[in-house]
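Trainee: I have a model open and I want to learn how to read it. Can we go through it feature by feature?
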Amino acid sequence: MKKLIALTALLAVGGCQTFAPTEPTSPPPTEEAANLEPQAPQEQSSFSREGLYALLVAELAGQRNRFDIALGNYVQQAHGTQDAAVAERAFRIAEYLGAEQAALDMALIWAQSAPNNLDAQRTAAVQLARAGRYEESLAYMEAVLGRQGDTHFDFLALSAARTDPETRAGLLQSFDRLLSRNPGNPQLVFGKALLLEQDGQTDEALDLLERQPRAERPAPSTLLHARILQSHGREGEALTLLQQTLRRHPEDTRLRLAYARLLVEQDRLEEAMAEFSTLLQQNPSDDDLRLSLALVAMEAEAWREAIVYLEDLIERGSHLDTAYLNLGRAQQSLGRTEKALAAYAQVEAGNEFLAAKALEAELLMAKGRSAEASALLQRTRQAQPDYAIQLYLLEAEALSSREQVDAAWALVADALEQFPDDANLLYTRAMLAEKRDDLEQLERDLRLILEREPENAMALNALGYTFADRTDRLDEARQLIEQAHQLNPEDPATLDSLGWVHYRQGNLKEAERWLRKALERLPDAEIAAHLGEVLWQLGERREARRIWRDALQQNPENKVLRETLRRLTGSETL
């Protein structure tokens with residue numbers, strides 16, 4: 001109120017008066033708004049009566065959360081007066097509102113009006129980099145560097161990640177020029193190494209980082225160094241680097257998080273849990289870390305420990321659906337069926353919903369409670385109609401996997417009455433038709449899908465494989481499968497089909513080539529059965545047995561694999 005009275009008095013006096021707009025009466029009432037307060041200007045500028053009125057309106061607009069009006073008035077006055085304090089205030093509001101062009105314009109006026117203010121120069125550099133004006137950005141950053149200030153060369157390099165190669169090449173030359181004048185500067189070394197990595201010159205980036213004394217290396221350089229080592233397959237060296245750096249900087253969250261994640265990738269789960277536990281102790285309010293620790297514990301099958309962290313998340317009201325889903329999995333793994341079912345039931349509509357309902361239904365069916373599972377899914381379809389098709393599909397899959405093919409068939413028939421054009425339901429009925437030896441129905445459904453979606457690779461492959469496996473229509477089968485392969489060349493199922501149709505046509509070596517590719521991409525029991533059969537016919541029976549044996553260890557109940565063994569060796573075991 002005092003500020004308002006003072007400004008009103010100034011307006012009443014008229015003429016040119018001084019006004020320091022660095023003490024706004026009402027920044028936006030948010031946490032981010034705390035950053036809107038600019039530093040006090042070293043000099044006050046003179047303002048006209050109209051200018052003072054515009055600034056007063058801006059402040060009153062800010063009090064009433066009309067930040068668009070506040071920004072408009074401040075931008076207008078910054079352009080008119082070229083006053084550093086007004087420009088800074090306008091920049092802070094523009095940044096808060098996400099008004100990128102206004103933020104850039106105001107940052108440049110601020111920097112030009114306050115050439116000795118390092119914050120102003122740094123801000124202009126960052127805004128220029130965000131706008132893709134990298135050479136201009138470097139000029140401002142170099143000015144900051146010349147006055148021994150911290151720059152944002154890392155941001156400049158990161159912002160150039162998606163630029164064209166010519167821009168990155170120009171930036172690299174600029175970094176070289178700066179390094180020649182500031183040899184060994186850690187920020188410059190990091191920025192250049194990052195640009196080299198983005199340009200695919202990882203060996204050069206690695207050499208640059210490794211020449212930097214580790215004691216002088218900032219955390220971002222260490223993280224970049226470790227990442228490049230990983231990309232070169234040198235995970236052990238990356239772990240050692242992070243571990244050694246953590247001894248010097250034990251409180252650095254970024255380093256410890258990178259170390260913990262790399263331990264997870266290396267399947268050193270107990271060590272990873274210890275690191276995540278330390279991170280959580282250092283950051284007790286960070287629920288993302290709490291969830292990460294719970295998930296690592298799940299991966300390590302430390303079910304009871306995982307439950308502690310998951311229940312803590314639930315109590316804190318954080319990551320609720322993910323926490324309930326994994327709590328159900330942990331309780332199920334401990335044999336606590338009712339607790340698992342209760343947890344799954346708490347998952348609400350969202351990313352985890354279908355997974356939770358699938359696990360809930362599977363658990364009920366596994367316990368001989370199929371009627372209860374079906375009733376649950378029917379209620380859920382009624383309550384959540386947007387998920388109806390997916391719920392039909394997961395119930396049909398659960399029934400089919402338990403050889404309840406007729407029940408699955410009836411369920412899909414009901415679903416198709418409601419959703420007659422759904423390709424997923426048609427495809428599922430086609431697969432059930434194959435189990436019922438009704439190949440005519442299978443072909444009708446798959447042909448119907450292909451009439452509507454001629455480039456449906458899954459339907460092309462399914463029809464082609466069925467012809468190759470169950471009929472003598474081999475030429476037609478191969479044509480369909482090759483179409484699917486052109487559409488999805490890396491799909492293991494299609495590669496398996498290609499191998500199988502070549503086998504059925506007597507092209508054993510070609511069949512072996514495709515089936516080996518398929519098995520490399522997906523270690524699946526059915527693919528292993530096919531490859532083993534081809535090798536068996538080629539006389540490579542020792543390798544065939546080895547492949548079958550490996551597959552049996554992973555999938556001892558696979559019907560295709562067992563039938564293949566019985567047919568070729570006379571026994572379902574090796």
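Mentor: Start with a definition. A charge sits over a ring if NZ of Lys or CZ of Arg is within 6 Å of the ring centre and within 35 degrees of the ring normal. Keep in mind that this is a predicted model. Here the charged end of Arg513 sits over the ring of Trp514, 4.4 Å from its centre.

Trainee: Over which ring does the charged end of Arg473 sit?

Mentor: The ring of Phe467. The charged end of Arg473 is 3.9 Å from the centre of that ring.

Trainee: Now rings with rings. How many aromatic pairs does the structure hold?

Mentor: The structure holds 4 aromatic pairs. One of them joins Phe91 and Trp110. Their centres are 6.1 Å apart, with 35° between the planes. Planes under 30 degrees apart count as stacked and over 60 as edge-to-face, so the rest are tilted. The pair of Phe91 and Trp110 is tilted.

Trainee: Which parts of the chain does that pair tie together?

Mentor: Phe91 lies in helix H4 (residues 84–97) and Trp110 in helix H5 (residues 100–113), so the pair ties together parts 19 residues apart in sequence. Phe91 is buried, at 2% relative accessibility. Trp110 is also buried, at 2%.

Trainee: What about the rings of Trp536 and Trp548?

Mentor: Their centres are 5.4 Å apart and their planes stand at 35°, so this pair is tilted. The pair links distant parts of the chain, with Trp536 in helix H30 and Trp548 in helix H31, 12 residues apart. Trp536 counts as buried at 7% relative accessibility. Trp548 is buried too, with a relative accessible area of 0%.

Trainee: Which residues of H31 are buried?

Mentor: Ala544, Ile547, Trp548, Ala551 and Leu552. Look down the axis of H31: the buried residues fall within an arc of 135°, so they line one face of the helix. On the other side, Arg542, Gln553 and Gln554 are exposed.

Trainee: What covers the buried residues of H31?

Mentor: The cover includes helix H29 (508–521), helix H30 (525–537) and helix H32 (559–569).

Trainee: Next, cores. What is the general idea?

Mentor: In soluble globular proteins, nonpolar side chains tend to be buried together. In this model, the largest nonpolar core has 117 residues. Leu224, Phe276, Leu310, Leu446, Ile449 and Leu463 touch the most other members. Apart from that core lies another, of 31 residues, among them Ala61, Val75, Phe91 and Ala111.

Trainee: With which residues is Leu224 in contact?

Mentor: Leave aside its neighbours within four places in sequence. Leu224 is then in contact with Phe190, Ala193, Leu194, Glu197 and Leu209.

Trainee: And Glu210? Where is it found?

Mentor: Glu210 is found in helix H11 (residues 202–210). Glu210 is partly exposed, at 41% relative accessibility. Not counting residues up to four places away in sequence, Glu210 touches Arg217, His225, Leu229 and Arg234. The C-alpha atoms of Glu210 and Thr222 are separated by 9.7 Å, and the two residues are 12 apart along the chain.

Trainee: Now backbone angles. What should I expect of phi?

Mentor: Most residues other than glycine have a negative phi. Asp267 has a positive phi of about 65° although it is not a glycine. Asp267 lies in the loop between helix H14 (253–265) and helix H15 (269–282). With a relative accessible area of 57%, Asp267 is exposed.

Trainee: What is the phi of His319?

Mentor: Positive, at about 50°, although His319 is not a glycine. His319 is in the loop between helix H17 (303–316) and helix H18 (320–333). His319 is partly exposed, with a relative accessible area of 31%.

Key:
Residues numbered from 1 in each chain as written. Predicted model: local features only at pLDDT ≥ 70, side-chain atom pairs only at ≥ 80, totals over all residues. Heavy atoms only, no water. Buried < 20%, exposed > 50% of the residue type's maximum accessible area, 1.4 Å probe, protein only. Helix = DSSP H or I, 4+ residues; strand = E, 2+ residues; numbered from the N terminus. Arc of directions from axis to C-beta. Contact = heavy atoms within 4.5 Å. Phe/Tyr/Trp six-rings, centres within 6.5 Å; stacked < 30°, edge-to-face > 60°. Core = buried A, V, L, I, M, F, W, Y, C linked by side-chain atoms within 4.5 Å.
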